[in-house]
Amino acid sequence: MTNWNPWHGCKKISAGCKFCYVYRQDKMYGSPIESSKIRKNKTNFYLPIKLNRDKTYKLRCGQIIYTCLTSDFFLEEADVWRKTAWEMIKRRGDLRFFIFTKRIDRFFSSLPADWNDGYENVIIGCTVENQEMANYRLPIFEKLPIRHKTIIVAPILEKVNILPYLNANIEEVAVSGESGRDARICDYKWILDIRKQCIEKDIPFCFHQTGANFMKDGKIYKIRRQNQISQAYKANINYKLRRDFEISLENENILKLNLF
């Protein structure tokens, strides 16, 4: 897996942005530029097509490229660069580009003329954090011509119903709590509820990260940053399609989470 950030910086647009990790990291590393100022990443903008001395690509065939993790791919300020980014994505059809966005309503801005129903090597993840954003973004997402779709519920801030939008076009739902010193509580009940929704519709589910303040059975656990992903994995609640393995909704033993 490789991160590609063709531009950096973002503007807060909804509740999930309140304690944005981009702002937090910029402050931590003493960035002299405001995090809300969007700028082209001159060092790595052309990363997908960079060559080695022998003229082979630096990024090897088959890699998953997480795109714009320190910004948003569909930012209005990035419209001038996005056309070139799409050209590189198309050129590197041997790579898989994973794009998360809170701006799915800007999907058609600078979209390639040959997009049709989507590039085979592009996965678009629509991010929602509460019911308000699910109600706004997911109906838009549902109608868009995207070949590979995922729903990202992160940072989850409350119980969220996404059941109306779970259909055969959704390849996975991933859920995470919020990281950082000021992180809002992530209740395990919310995670299990979304898992139940996914099982009902037979959609793959991934509990990706607990967040820093994790609630289970009414008790709040402080989870260190380096343990948030591993603790989510230990919950052992990720779900694959029924045709891949048998699963029982009645088997509550797999819902136990081992915390410190």
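Helix α3 (131-143) and strand β7 each supply at least two residues to the lining of the largest cavity. Helices (H or I, at least four residues) and strands (E, at least two) are DSSP runs, numbered from the N terminus. This is a predicted model, where local features need pLDDT of at least 70 and side-chain atom pairs count only at pLDDT 80 or more, while totals for chains, interfaces and linings use all residues. Residues are numbered from 1 along each chain as its sequence is written, and side-chain values use heavy atoms, with hydrogens and water left out.

**The sheet**

Now for the strands. Seven of them form an open sheet in the order β1-β4-β5-β6-β7-β8-β10, with parallel pairing (two strands pair if DSSP finds at least two bridges between them). At the edges sit β1 and β10, each pairing on one side only. Between β5 and β6, which run parallel, there are five bridges, and Phe98 stands opposite Ile123 in β6.

| Element | Residues |
|---|---|
| β10 | residues 205-209 |

**A hidden residue**

Where does Thr210 sit? You'll find Thr210 in the loop between β10 and β11 (213-216). Thr210 counts as buried because its relative accessibility is 0% (buried means under 20% relative accessible area, exposed over 50%, partly exposed in between, with a 1.4 Å probe and protein chains only). Leaving aside neighbours within four places in sequence, its contacts include Gly177, Cys186 and Ile223.

Terms used: Contact means heavy atoms within 4.5 Å.
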